[in-house]
Protein chains: 2
Amino acid sequence: MSEKTPAKDSPPKDSDSRITLIGTGTIGLSFAAFHLAHLAHPSQLTIYDTRPDVAGYVRAELPKYFPAETQSSLPSIDFSSINIAASLPTAVQNATIVQESGPENAPFKTSLWAEVEKHAPKDALFWSSTSGIPASQQSAQMAEPGRVLVVHPYNPPHVMPLLELVPSPSTPRGVIRRTESFWEERGRVPVRLRKEVTGFVANRLAFALLREAVHLVDQGVVSVREVDQIVQSSMGPRWAVAGPFKSYHAGGGPGGLEGFFENIGGTVQGCWDELGTPRVGGGWEERIFKEANEAYGVVDVGERDRVTRRVLRVLEEERGGKE
Amino acid sequence: MSEKTPAKDSPPKDSDSRITLIGTGTIGLSFAAFHLAHLAHPSQLTIYDTRPDVAGYVRAELPKYFPAETQSSLPSIDFSSINIAASLPTAVQNATIVQESGPENAPFKTSLWAEVEKHAPKDALFWSSTSGIPASQQSAQMAEPGRVLVVHPYNPPHVMPLLELVPSPSTPRGVIRRTESFWEERGRVPVRLRKEVTGFVANRLAFALLREAVHLVDQGVVSVREVDQIVQSSMGPRWAVAGPFKSYHAGGGPGGLEGFFENIGGTVQGCWDELGTPRVGGGWEERIFKEANEAYGVVDVGERDRVTRRVLRVLEEERGGKE
């Protein structure tokens, strides 16, 4: 860190990290945008992708991740100083962090990490953005398989604070600690899972709710848009401020979560008993996809992210110094 | 309405409604606070409860629902002008709206509405705050059973925008329309369900997620506090801005929700297949209740509501004129 007491909108710049990103899909570029906002100089960032036009592609696409309303708080970035590596060995040879956001394909990732390990510095951190392939599987062909851990973002990572850290059972404590510190120092919320479970935690929770949402629309109780209106007017803002356990613990009054289940445990179980179990490909798709298209067309994610940033700014201000 | 173009923080005052609230639990008082902020005069509000000290109780408790940070935007309210009714017939005899937030007990509500119907004006609206007893059951002993409909808030209703309207199959369209208009004119989000389902929609969705949260803590994957950190840093702020269908429709890119399921439908089904099914009373309680107590003690809901209001204000500003 080059400064100690940064102003709110100008975080201290990191002049020590040398970050190599592998993969230039939307997640890779979003991470690139995040890192560029925190590195002292864009030359500390290296990007590697097998697509032939990678340099031109990155220079054309990456600036789109810096929307107008955030530019006043960022110095203008010289995108041409980013290193575009011509080969994997040169991409990783000086890296302190190698962050992979490539295809969701286990053989690809497994052979990638074995190759990365041969060329990267001994103490470089190896992170995968996968949403489903456990670190223990990705690292199967490595000499030191504990080095890879999953750092799963909530999309898009240049906006959303959560990172799920999912180490393999052999990942050393020091590797986990360094990873946690990296994100915490940058104002993010890394949460380390204790087991490698399918889908990790955020998606499992969200998909549990999504399944019931699909069920209720399929049963004709509410429309796609009404589900969204309901969530946007209730759980969304509530859970932005206090997660589900904290909310229900508060809802139980002096009795806390126990009081909550004493009061309405019967209603909770009644709902649990009746939750639907639609399946992907189960026949609900045509109508629900059509409804979503009619309700939303093409969503302006730039606009969504702009509003999300405003909400997150309120939450950050409120959290300031409280945790 | 006495004004037509209100300033942001001073909504037009309603000088026509005469609202009778039955029940002075936290939901009843929260609705009282909401109505007082919108009625032209507190004498338009009548409160009825069988507790003997109701007048003193209301005068002591109700002001707590008007936190300091909202008082600048509200005229000071003369709580002593609220009518405290001595009997049910006098409580409802001049009401345009009778809103019930009494005990969650079907025989109580069923006999209450039969009695209310005898004494209230013919065109008064009858609303129940129940979270579980359908209007069709509550109205079983009425001459015109279509008059009652559920107006289920998301707690606390003086803060949260959502109202789930759940009519019985016999509720006339005009009754539903007048109820929708009432809430829409006051900046709230009434959503009408098309069927009377157990738990209605908001709680079913939330409890689906809660069940998986209980499962993942019970399995030792994450702690109670970590679940909340995850939700507060991901789905909470995201769903405050764009509900789950809209979010996944956006996540599918140009392909929309269909593209989303094409891309990661396998992962979604993988999660759905592994979702846990803990039961209320299934043995996970002791540890999870203890964790919640240790993490949160007694939650300061005033503070939570203050922050929630800030988030909702951002969302309201952004929505202004867009729907």
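Author: Ten residues' names come first. The largest cavity is lined by A:Ala208, A:Arg211, A:Glu212, A:Leu275 and A:Gly276, along with B:Ala208, B:Arg211, B:Glu212, B:Leu275 and B:Gly276. Helix 8 (200–218) of chain A and helix 8 (200–218) of chain B are the elements that give two or more residues to this lining. By class, the lining has 4 nonpolar, 2 polar and 4 charged residues. Here Ala, Val, Leu, Ile, Met, Phe, Trp, Tyr, Cys and Pro count as nonpolar, Asp, Glu, Lys and Arg as charged, and the others, Gly among them, as polar.

The model is predicted: local features need pLDDT of at least 70, side-chain atom pairs count only at pLDDT 80 or more, and totals for chains, interfaces and linings use all residues. Residues are numbered from 1 along each chain as its sequence is written, chains are lettered from A and ligands numbered from 1 in the order in which they are written, and side-chain values use heavy atoms, with hydrogens and water left out.

Now the space itself. A cavity is a set of points, on a 1 Å grid over the protein atoms alone, where a 1.4 Å probe fits but cannot get out; lining residues have an atom within 4 Å of a point. Points are joined across faces, edges and corners, and a volume is the space filled by probe spheres set on them. The largest cavity holds about 60 Å³. The count is 2 cavities of 30 Å³ or more.

Next, helix 8 of chain A. Helices (H or I, at least four residues) and strands (E, at least two) are DSSP runs, numbered from the N terminus. A:Phe200 is found in this helix. A:Phe200 is not a glycine, yet has a positive phi of about 60 degrees. Helix 8 of chain A lies across strand 6 (148–153) and strand 7 (162–167) of chain A, at about 120 degrees to strand 7. Contact means heavy atoms within 4.5 Å. Axes are lines fitted to C-alpha atoms, for helices over the stretch in contact, and angles run from 0 to 180 degrees between N-to-C directions.

The loop between strand 6 and strand 7 of chain A contains A:Pro156. The peptide bond from A:Asn155 to A:Pro156 is cis, with omega near -5 degrees. In chain B, a cis peptide bond joins B:Asn155 and B:Pro156, with omega about -5 degrees.

In chain A, 8 strands form an open sheet in the order 3-2-1-4-5-6-7-8, with mixed pairing. Strand 3 (83–84) and strand 8 (189–192) of chain A are at the edges with a single partner strand each, so one side of each has no neighbour in the sheet. Two strands pair if DSSP finds at least two bridges between them. Strand 1 (19–22) and strand 4 (97–100) of chain A pair in the parallel sense over 4 bridges. There, A:Leu21 has A:Gln99 as its bridge partner in strand 4.

Chain B has an open sheet of 8 strands, with the order 3-2-1-4-5-6-7-8 and mixed pairing. Helix 9 (224–232) of chain A lies across strand 7 (162–167) and strand 8 of chain B, at about 140 degrees to strand 8.

Finally, the record. UniProt, in an unreviewed entry, places "domain: 3-hydroxyacyl-CoA dehydrogenase C-terminal" at residues 199–265 of chain A. UniProt positions use the numbering used here, feature names are shortened, and annotations may be inferred rather than shown by experiment. That span is 79% helix and 0% strand, with its end C-alpha atoms 28 Å apart.

Methods
On a 1 Å grid over the protein atoms alone, a cavity is a set of points where a 1.4 Å probe fits but cannot get out, and a pocket is an open set with protein on both sides within 12 Å along at least five of seven lines; lining residues have an atom within 4 Å of a point.
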